[in-house]
Amino acid sequence: MTEQKTRKFFIETYGCQMNFSDSEIVASILTKQGFEASTEVETADIVLLNTCSIREHAEERVRKRLHYFRSLKKKKPGLTIGLLGCMAERTKTALMEEEQLLDLIAGPDSYRHLPGLLEQARSGKKAIDIILSADETYADISPVRLDSGGVSAFISIMRGCENFCSYCVVPYARGVERSRDPESVIRESKDLFSKGFREITLLGQNVNSYEWLAGLERVNFPLLLQRIAAIDLRLRVRFATSHPKDLSPELIETIADHPNICKAIHLPVQSGSNAVLDKMNRKYTREEYLGKIRAIRSRIPGCAISTDIITGFCGETEADHQQTIELMKEASFDYAFTFKYSERPQTLAAERYTDDVPAEVKERRLREIISLQQELSSASNHRDIGETFETLIEGESKRSDKNFYGRNSQNKVLVFPKTSQEPGEYVMVKVKRATSATLIGEAV
Ligand code: 5AD
Ligand code: SF4
């Protein structure tokens with residue numbers, strides 16, 4: 001009798017936290033079916049790339065990687081190369097047929113079929129499944145925690161997006177919005193807590209529109225948060241991402257009322273100009289956005305607010321750009337992710353508008369925005385000097401084995417000399433110094 005060798009898989013993940021969470025679902029599905037997770041590409045029989053399509057640059061990186069894997073395959077002919085995630089949904093056959101790089105393609109709603117698809121690919125037949133679903137949430141699958149320090153974990157609470165911001169590929173790559181059964185989210189949170197995790201981040205493209213309807217029961221996002229916060233005070237809860245149009249007073253109250261719901265809100269503004277916001281189909285004005293910031297700051301003192309900004313969207317004028325700069329100052333963001341607009345095929349903007357801001361103008365505007373944000377982040381961190389924060393220890397600092405690093409509720413990283421505690425425990429840390437990225441302190 002010949003013994004069948006366990007096939008090893010390696011997953012490389014690109015893009016957002018949601019994709020990292022999906023890779024953990026994929027790992028769970030495959031290990032249940034007898035495959036084994038490998039931590040290095042070279043020893044794997046199957047290489048899976050979980051990809052992102054949000055900007056052209058993200059797709060280019062994956063293409064380059066695929067060429068490397070193809071050279072690996074020359075040395076190891078039995079190697080299966082698969083493309084998962086958003087790029088699988090969008091580029092489909094091009095990479096499989098024209099470039100002959102792939103054996104398998106699976107979109108974000110097809111991961112349950114991966115064992116069968118891998119079987120098919122192994123028999124020499126190319127395997128493809130990119131059908132999007134209206135109800136797949138992988139609710140019953142307990143993710144295998146990859147690259148985890150055992151303290152902090154992600155939980156997807158919804159999938160897809162129906163906002164159709166005109167620049168964005170996500171509704172096409174991930175399909176319609178659907179929320180996951182709250183009981184399954186609570187079960188997963190309790191399970192993580194019992195295994196020693198002390199922080200969970202609830203993920204969705206727009207968590208504020210989370211909604212679960214079953215009979216007479218209606219659970220919205222604030223209710224879900226309250227239920228998770230009630231599991232144990234030592235379990236911190238975070239969430240991402242919030243769409244400003246759906247950030248409700250009820251959510252602000254819920255955050256204010258629960259010490260273990262973190263005081264950090266990621267609220268992508270994208271632009272400070274009403275004309276640009278309208279073309280982006282964001283469904284709020286700068287005045288409405290700033291109104292929400294004021295509501296957060298007055299009800300939740302000390303709450304950190306971060307954002308996403310796109311520069312150089314179609315038709316963006318110098319005056320529009322200045323409006324973004326002014327809004328950033330007024331909102332006084334603690335942190336910002338900043339991007340140059342990248343036209344994505346299929347989107348409303350690609351069809352309706354011209355990508356007419358020259359590359360060098362996009363770059364200059366981006367530089368201005370980054371440098372302003374550095375000042376704002378540095379000022380935000382310097383305001384914390386002298387303050388004491390409850391800090392969840394995540395592990396040993398990468399720079400020195402004498403220090404721990406951890407995070408406060410505001411999601412800022414603190415570095416401090418080790419105490420007798422362990423990662424996963426809380427410690428009060430007084431901030432002594434600050435850079436634009438880190439707070440440096442001492443346990444008190
Ligand atoms: N070009 C540049 N940035 C984009 N984002 C989304 N689509 C694009 C695009 N086509 C940015 C937005 C979003 C973040 C995840 O990525 O700021 O909030
Ligand atoms: Fe990239 Fe968006 Fe897909 Fe996340 S959902 S992987 S950011 S395209």
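Q: A polar contact is a pair of N or O atoms within 3.5 Å; within protein, one must be able to donate a hydrogen and the other to accept it, and residues adjacent in sequence count only if both atoms are side-chain atoms. Which side chain does Glu394 join in a polar contact?
A: This is a predicted model, where local features need pLDDT of at least 70, side-chain atom pairs count only at pLDDT 80 or more, and totals for chains, interfaces and linings use all residues. Residues are numbered from 1 along each chain as its sequence is written, chains are lettered from A and ligands numbered from 1 in the order in which they are written, and side-chain values use heavy atoms, without hydrogens and water. At 3.0 Å, the partner of Glu394 is Arg407.

Q: Is Glu394 buried or exposed?
A: Glu394 belongs to strand 17 (residues 388-396); strands (E, at least two residues) and helices (H or I, at least four) are DSSP runs, numbered from the N terminus. Buried means under 20% relative accessible area, exposed over 50%, partly exposed in between (1.4 Å probe, protein chains only). The value for Glu394 is 17%, so this residue is buried.

Q: How many Å separate a polar side-chain atom of Asp308 from an oxygen atom of ligand 1?
A: The side chain of Arg55 has an N or O atom 3.1 Å from an oxygen atom of ligand 1. A polar backbone atom of Tyr167 is 3.1 Å from a nitrogen atom of the ligand. For the side chain of Asp308 and a ligand oxygen, the distance is 2.6 Å.

Q: The whole structure holds 11 aromatic pairs. Are Tyr111 and Tyr138 stacked or edge-to-face?
A: Rings of Phe, Tyr and Trp (its six-membered ring) pair if their centres lie within 6.5 Å; planes under 30 degrees apart count as stacked, over 60 as edge-to-face and the rest as tilted. The centres of Tyr111 and Tyr138 are 5.9 Å apart. Their planes meet at 15°, so the pair is stacked.

Q: How many residues apart are Tyr111 and Tyr138?
A: Both tyrosines, Tyr111 and Tyr138, are buried. Tyr111 is in the loop between strand 5 (104-106) and helix 5 (114-122). Tyr138 is in the loop between strand 6 (127-129) and strand 7 (152-156). The pair links distant parts of the chain, with a separation of 27 residues.

Q: What is the relative accessible area of Phe221?
A: Phe221 and Phe239 form an edge-to-face pair, 5.2 Å centre to centre and 75° between the planes. Phe221 is in helix 8 (residues 221-229) and Phe239 in strand 13 (residues 236-240). Phe239 is buried at 6%. Phe221 is buried too, with a value of 0%.

Q: What is the phi of Gln346?
A: Most residues other than glycine have a negative phi. Gln346 sits in the loop between strand 16 and helix 13 (348-352), and is partly exposed at 46%. Its phi is positive, near 85°.
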